[in-house]
Amino acid sequence: MALIGRLFAIAFGFLFASLAAGLVIVGTMLFPELSDIAGAPIDPDALNIVLGFGFIFVSGFALLPALIVVLVTEAFAIRSALVYAIGGAAVGVACYLGLVPFDPATLQFDGIVRRHLEIMTGAGIIGGLVYWLIAGRNAGLWRDPPRRSLPHPGVPPAPQPPSPPSQIPPSP
């Protein structure tokens, strides 16, 4: 039963981590355009559409690399926020490099834009930290047996019922 609850926590954490990373990507990509608007209002419907596409983009491309990070941290019960931030950065880099053309003759990626790589890495770090806040802090705890509650120190222990008399025959 604890495993089923843990799977829901993982899915919920991934959902909000993808939303946060998509928000970072869309916000940083739109930042240069927002500075040129000169104070004009932003159409909220257009912003919602762009945020939705950012969420779908991040959640679709990051699922498998993020699943690897989640499986490793769950298997070894790793609960450090730093590990999730580094794992998120690795997922962001993997997602970006998955979209950049690779030249097998020179064994190099062609067309890496440094700003885009930094944005994806930063979005991965934010996504990893959001996941840690929701699900990563309790990684691996589903395997531990539930703790028994100790009696309150001010309460005396319950009296034991008397033991039945033993049926030992008397010795002569």
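Helices (H or I, at least four residues) and strands (E, at least two) are taken here as DSSP runs, numbered from the N terminus. The model is predicted: local features need pLDDT of at least 70, side-chain atom pairs count only at pLDDT 80 or more, and totals for chains, interfaces and linings use all residues. Residues are numbered from 1 along each chain as its sequence is written, and side-chain values use heavy atoms, with hydrogens and water left out.

**Segments and fold**

UniProt, in an unreviewed entry, places the feature "transmembrane region" at residues 7–31, 51–72, 81–99 and 119–139. Such positions are given in the numbering used here, feature names are shortened, and annotations may be inferred rather than shown by experiment. Two of these spans are compared below.

The chain holds 4 helices and 2 strands, in the order α-α-α-β-β-α from the N terminus. Of its 172 residues, 24% count as buried, where buried means under 20% relative accessible area, exposed over 50% and partly exposed in between (1.4 Å probe, protein chains only). The accessible surface of the chain is about 12100 Å², and carbon and sulfur atoms account for 73% of that area. Areas come from the Shrake-Rupley method with a 1.4 Å probe; for residues, only the protein chains shown count as cover. Among contacts (heavy atoms within 4.5 Å) between residues at least 6 apart in sequence, 81% join residues at least 24 apart.

**The largest pocket**

A pocket is an open set of points on a 1 Å grid over the protein atoms alone, where a 1.4 Å probe fits, with protein on both sides within 12 Å along at least five of seven lines; lining residues have an atom within 4 Å of a point. The largest pocket has a volume of about 390 Å³, a volume being the space filled by probe spheres set on points joined across faces, edges and corners. Its lining has 29 residues, and Phe14, Ala17, Ala62, Ala66 and Val91 lie nearest the centre. H1 (2–36), H2 (44–75), H3 (81–97) and H4 (114–134) each supply at least two lining residues; H2 gives the largest share, 9 residues. By type, the lining divides into 22 nonpolar, 7 polar and no charged residues. Ala, Val, Leu, Ile, Met, Phe, Trp, Tyr, Cys and Pro count as nonpolar, Asp, Glu, Lys and Arg as charged, and the others, Gly among them, as polar.

**Individual residues**

Glycine 127 is in helix H4 and is buried, at 9% relative accessible area. Leaving aside neighbours within four places in sequence, glycine 127 is in contact with Ala17 and Ala21. Its C-alpha is 9.4 Å from that of valine 91, 36 residues away in sequence.

Leucine 99 lies in the loop between H3 and E1 and is partly exposed, at 44%. Not counting residues up to four places away in sequence, leucine 99 touches Phe57 and Phe61. Leucine 99 and isoleucine 112 are 13 residues apart in sequence, with their C-alpha atoms 9.7 Å apart.

Most residues other than glycine have a negative phi. Alanine 77, in the loop between H2 and H3, has a positive phi near 55°; at 24% relative accessibility it counts as partly exposed. Leucine 107 also has a positive phi, about 55°. This leucine 107 is in the loop between E1 (102–103) and E2 (108–109), and at 63% relative accessibility it counts as exposed.
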